[in-house]
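Work through the exercises below with the coordinates open. Each task is followed by its solution.

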Amino acid sequence: MTVLDKEFTYAPPGLAGSPVPLKERYDNFIGGRWVAPTKGEYSVDVTPATGKSITEVPRSTAADVELALDAAHAAKTAWAETSTTARSRVLNAIADVIDANREMLAVAESWENGKPVRETLAADIPLAADHFRYFASVIRGEEGSISEIDKDTIAYQFHEPLGVVAQIIPFNFPILMASWKIAPALAAGNVTVVKPASPTPWSILKLMELIEPIVPAGVINVVTGPGAEVGMALASSKRIAKVAFTGETGTGRMIMQYAAQNLIPSTTELGGKSPNIFFDDVMAADDDFLDKAVEGLVLYAFNKGEVCTCPSRALIQESIYDRFMDRALERIAQIRQGHPLDINTQIGAQVSTAQLEKITNYVKIGRDEGAELLIGGERNILPGELAGGYYFQPTVFKGNNKMRIFQEEIFGPVLAVTTFKDEAEALEIANDTMYGLGAGLWTRDTSRAFRMGRAIKAGRVWTNCYHLYPAGAAFGGYKASGVGRENHKMMLDHYTQTKCLLVSYSPKALGLF
Amino acid sequence: MEEGRVSATPEALEVIERLSAQHGPLVFLQSGGCCDGSSPLCTRRSDLFIGPNDVLLGVIGTASFYVDGDQYERWGRPRFVIGVSPGAGDTFSLEGRDDLHFVTLG
């Protein structure tokens, strides 16, 4: 990403000239209508850019979850019986309306999450639209199967929707992560009750405003509120047929436990501590590839490090460490941190005070355990109205893989760097983690890339690239990083069950009785 | 068993006491991973299965505090101090209902 040569800052939602119309208060989206929370309570939704209020959203309770489940159950049969042609048309229409409102959604999401608008304009929102198109497309090609067991006995396998599913969305990509979950569920013929993340409930409601005329009532329902109230009531409900969750391991355990108690399937994506490995041959020439590799390291700051696959452990071959890190640190020092709606901002604000506090705490832990601070390490107090925002400097530590900052996901712009001698040691360090979501690999030697890529215990190994999330590339975790995959048509299996009609065309009895 | 490896600040103890009066017996599990990953999760005892791979680090207020054994080793067997801060986290932890979140310090 290069800094643009023009200056422009979008007006925040609700202000004159902003692409985002803003109401003082929003309601839950249930059964195609805007429904006030049963108890009438609302919470303030804050922008991390300034720490000030954006609007109010429902502080829902279990009763509101029941209303959403009522609406979903009322809609499930008609949607399941809707032809794939018609379902596909709805998904494409959602994609079209997202594209047509790209700036509005990008500005809303940036303002609510704190991420730079250049990321939401270029990645989050276009990718969200593309995910709907991908699942609109693959569902048309989906087929059951027929097995001829013998001349007179045929097994017909059908994919049938599960019914009402629960989907709990993380705060880091509010609209894109919702799209990752909603698109395959709907394509496969399910209806959904969505619980947005507590820090980012509103931008999804802006998306609901757009799709309200497109999606049949009750097919998508959104209920906002605390995880301990709304999330728990939804995930533990006897009225759901599946639960999908992205978040931390503790809540992930509870989700899987509720699913076990209700004997339903779950998919979970629980984060990682992704290694990003740089072999000495990246410096064999001073060319575009080296430049790409340096950027590949700096991508730990993408979305302020609030990414499950944040490449937060850089493993650099000893022989190039000094030269490579000099370049990387120079690039990191140039990162522009500032107003999320400034199109030139490269890193914005952390999503909440809780996250800011956690990052600060981990930086202290890093210092206390003897890691060497190479850059950053402090909260960044920006001038003017941004002074109350939750900004943290891009930070790099050097240390070793046994340190806590190498073992735990910090979910901030904090990189832990270490060195390795050879391929064997690189692999050992890469796999020495509880997690296995992502990994990055940089080398000009394609044989080594293949060997390493197959040996790393992670669900996604980016090879000579990082942070690409195209629809059609399976995404999900090994080890403690969760169960299931997203972003690929195999997800249709996660959102369907198999019906086998086993039919005998023989008039003859078995002859047993 | 690794009892005595966890303590709580007076503010956190006060919140635990209040939650306990409201919800009944509580248990803590140290979380990890994505999003609010390093948060301690506080829930009703009946809402969490404690497994054979969980390590009991001690009791804060009336609540037992557990951590996954592998995670505990990988974190270098730290001594945990549990605090509480304003603002809800994004987990199923009970104090989120009161716009608070427990924090693992140290």
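The exercises cover a helix pair and a chain fold.

The model is predicted, so local features need pLDDT of at least 70 and side-chain atom pairs count only at pLDDT 80 or more, while totals for chains, interfaces and linings use all residues. Residues are numbered from 1 along each chain as its sequence is written, and chains are lettered from A and ligands numbered from 1 in the order in which they are written.

**Exercise 1.** Classify the packing of α9(A) and α10(A).

Solution. Step 1: take helices as DSSP runs of H or I with at least four residues, and strands as runs of E with at least two, numbered from the N terminus. Step 2: α9 spans residues 288-298 of chain A and α10 spans residues 321-333 of chain A; their axes lie 9 Å apart at an angle of about 60°. Axes are lines fitted to C-alpha atoms, for helices over the stretch in contact, with angles from 0 to 180 degrees between N-to-C directions. Step 3: α9(A) is therefore oblique to α10(A), given that under 35 degrees is roughly parallel, over 145 roughly antiparallel, 65 to 115 roughly perpendicular and the rest oblique.

**Exercise 2.** Describe the secondary structure of chain B and its burial.

Solution. Step 1: chain B has two helices and seven strands. Step 2: their order along the sequence is β-α-β-β-β-β-α-β-β. Step 3: 53% of the 106 residues of chain B count as buried (20 or more other C-beta atoms within 10 Å of a residue's own, with C-beta atoms placed from the backbone). Step 4: the C-alpha trace of chain B spans about 30 × 25 × 25 Å along its principal axes.

Note on methods
A residue is buried if 20 or more other C-beta atoms lie within 10 Å of its own, exposed if 12 or fewer, and partly exposed in between; C-beta atoms are placed from the backbone.
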